[in-house]
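I opened the model today and kept notes as I went. Each entry records one thing I looked up.

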Amino acid sequence: MRLSRSAKVVLGVVTVLVLLFIYTPLLLVVVNSFNADRTFGWPPKGFTLEWWGKAFDSPGVREAVLSSLWVAVVSTLISLLLGTLLALSLQRYKFFGRNIISLLVILPIALPGVVTGIALNNMFTTILGVPLSLWTVVIAHATFCMVTVFNNVIARLRRMSPGLEEASADLGAGLFTTFNLVTFPQLRSALLAGGLLAFALSFDEIIVTTFTIGAGETTLPIWILQNLFRPNQAPVVNVVAVVLIVVSIVPIWLAQKLSGDSVRVSGARVKADER
Amino acid sequence: MTETLAAGTSTGTEEVPAIRLRKLTKVFGDTVAVNGVDLDIRHGEFFSMLGPSGSGKTTVLRLIAGFELPTSGSIELEGKDVSAMAPFQRDVNTVFQDYALFPHMSLVDNVGYGLRVRGMPGSQRRERAREALDRVQLGKFLGRKPAQLSGGQRQRVALARALVVEPKVLLLDEPLGALDLKLRQQMQVELKELQRSLGITFIFVTHDQEEALTMSDRIGVFNNGGIEQIGTAHEIYERPGDIFVANFVGTSNIFDAAQAQALYGRADPLCIRPERLRVAWAGDPERRSGITSRPGTVTSFVYVGHATQVRVQLDDGPAVVALVPEKLPGGDAELVNGPVTVSWDDAAVVWLPARGT
């Protein structure tokens, strides 16, 4: 489609405005984490690392970071395992109720966090009688983190030629060898992408966490919520927010970069061969 | 005729066949894909399974490879029953229609895969893979990935990968279907030469009758999950066993039972190939014993390079196609709708009795 000059200008301006609207508040948080002025007056009075130092020294913050990382890593691992198995079974085999199971697997990511949170809280405390802890948070997160892995893996399986596994068996490989040498390498980047998304999803999750976390435990988002309105903690909250932003963005950025790289690498190989 | 129709059961006891199928049947849900196929394929034979799509030929191949298990019947490989074995336990290898090369592996790793899973050490394996790639003229591209190759090159890699493990039987599932005409003809020659030099039994699935005719030692013509006829290319073309084979392999002029009755006094359908018909444009038709002549009207003609296909509506018979190698005595205006006489040697007639007689 050919665009007129004025259309290009208008679209450019709109794009810039939207991006500014989204990213200026985030940038403000980053800037304020270095702002020497306690009340965040604008323009910033000066540059300081005081809040960062305070945040690092605060045992509450350190504990929250570690809890968040632990929860995100463990729920990602569970999601990788269950999501992959689900994708394999739902894509490879036809059985009664397959479509319903497929829907039920994806549903948790669409459900409102409040509903999931209340339901799981009720399940853990009233029905199962399990004390709430970080483990209950892990299980709660896994219910929807699994979906990102599942979606990535099943999309890859659909694109993968079914002939590959047959070819492997045809050449003499047993089931385990075939999975190891053929199926898994095909799924690797899908697992990475799904896993990184699951990690990012879990790391900054707050609603479901609120309902499923044990007394006395805090994850990073919970810590922010608890300290947001304490005036003396406000600067440290900014620092924690920046940490959250970075830890959430890096996996997404990595996932994009990895998929971009694989294209460039193969392109470079063509040139090497032609020499 | 009868022995070819009896689906090759008459090979005798002198030799154990490379592949022996007995009453092989495969049912998918309500569909009978393969219906009681009996077939013996000899050692070192280039055997083609020819048929339209859905005729069961690919399913038979997949049953031999072990990707599907038969509903009933048996598959013997060199006298050993392999019906219930997994693909990796069978000494046959497949060249897939879409090649199924491992996209994450270089060519040398693709070709060395079968040796790797058999536990051959790395250096020896790479050496063998390199030799196999050299044999298909791809020795220069060892480190490339399949995505960096053309279709014809991928086809060769798939061939090298299947042959490097020295199977007893090589199964080829329409391997040339994705190639353009020139490349396909070149690969037909190469495949045939390769098969002759290696002496391995090839089972070649195709829906292209020309491909089957040019490459095969024997052909099995499939239809509706069964084999209609087994024979050499010459037998299949010159002596088709029934109307299906006559129509599917080459072009045929079929006279139904009533028309044949009028001509020869025998109530069976018959078939005559277009190149066996002669067209007399004017004057007296040939009148000799052993020659039949019938008047008709030219409806159209198509120039095909080495000859011209002339369509003639016989006055008391079907519309026929005659292949006329010589130059026609005029153009469209003079010839179309003009009266002609079509004649043929009675010896060129092939009777197509109905099944079961």
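**Entry 1: Lys327(B).** I am working from a predicted model. I began with Lys327(B), which sits in the loop that links β16 (319–324) to α11 (332–335) in chain B. Is Lys327(B) buried or exposed? I find 7 C-beta neighbours inside 10 Å, so Lys327(B) counts as exposed. The cut-off for exposed is 12 or fewer. I then checked Lys327(B) against Ala307(B): 20 residues separate them in sequence, and their C-alpha atoms are 8.0 Å apart.

**Entry 2: the sheet that holds β16.** I traced the strands of this sheet in chain B. It is an open sheet of 5 strands, ordered β13-β17-β14-β15-β16, with antiparallel pairing. Which strands stand at the edges? They are β13 (278–280) and β16 of chain B. Each has a single partner strand, so one side of each has no neighbour in the sheet. From one strand to the next I get an average twist of 45 degrees.

**Entry 3: one strand pair.** I looked at β14 (residues 291–303) and β15 (residues 308–314) of chain B. They pair in the antiparallel sense, over 7 bridges. As a reminder to myself, strands of a sheet pair through backbone hydrogen bonds, either parallel or antiparallel.

**Entry 4: Gly290(B).** Next I went to the loop between β13 and β14 of chain B, where Gly290(B) is placed. I count 8 other C-beta atoms within 10 Å of Gly290(B), so Gly290(B) is exposed. What does Gly290(B) contact beyond its neighbours within four places in sequence? I list Asp345(B), Asp346(B) and Ala347(B). I also took the distance from Gly290(B) to Val336(B). It is 29 Å, C-alpha to C-alpha, across 46 residues of sequence.

**Entry 5: chain B overall.** I stepped back to the chain. Chain B contains 11 helices and 18 strands. Its C-alpha trace spans about 80 × 45 × 40 Å along the principal axes. Of its 357 residues, 39% count as buried. I also checked contacts in chain B between residues at least 6 apart in sequence. Of these, 63% join residues at least 24 apart.

**Entry 6: where chain B meets chain A.** How many residues of each chain take part? I find 23 residues of chain B in contact with 18 residues of chain A. On the chain B side, β6 (92–95) and α3 (107–116) each supply at least two residues. That side of chain B divides into 13 nonpolar, 6 polar and 4 charged residues.

**Entry 7: a helix pair in chain A.** I finished with α6 (residues 134–159) and α8 (residues 175–203) of chain A. Their axes come within 8 Å and cross at roughly 155 degrees. That angle makes α6(A) roughly antiparallel to α8(A), because angles over 145 degrees count that way. I noted the crossing of α6(A) and α8(A) as right-handed. The α6(A) residues that make the contact include His141(A), Phe144(A), Cys145(A) and Arg156(A). From α8(A) I noted, among others, Leu187(A), Ala190(A), Gly194(A), Gly195(A) and Leu201(A). What classes of residue make up the contact of α6(A) with α8(A)? I record 11 nonpolar, 7 polar and 1 charged.

Key: Residues are numbered from 1 along each chain as its sequence is written. Chains are lettered from A and ligands numbered from 1 in the order in which they are written. This is a predicted model: local features need pLDDT of at least 70, side-chain atom pairs count only at pLDDT 80 or more; totals for chains, interfaces and linings use all residues. Helices (H or I, at least four residues) and strands (E, at least two) are DSSP runs, numbered from the N terminus. A residue is buried if 20 or more other C-beta atoms lie within 10 Å of its own, exposed if 12 or fewer, and partly exposed in between; C-beta atoms are placed from the backbone. Two residues are in contact if their C-beta atoms, placed from the backbone, lie within 7 Å. Ala, Val, Leu, Ile, Met, Phe, Trp, Tyr, Cys and Pro count as nonpolar, Asp, Glu, Lys and Arg as charged, and the others, Gly among them, as polar. Axes are lines fitted to C-alpha atoms, for helices over the stretch in contact, and angles run from 0 to 180 degrees between N-to-C directions. Angles under 35 degrees count as roughly parallel, over 145 as roughly antiparallel, 65 to 115 as roughly perpendicular and the rest as oblique. A crossing is left-handed if the near helix is turned anticlockwise from the far one by less than a right angle, and right-handed if clockwise. Two strands pair if DSSP finds at least two bridges between them.
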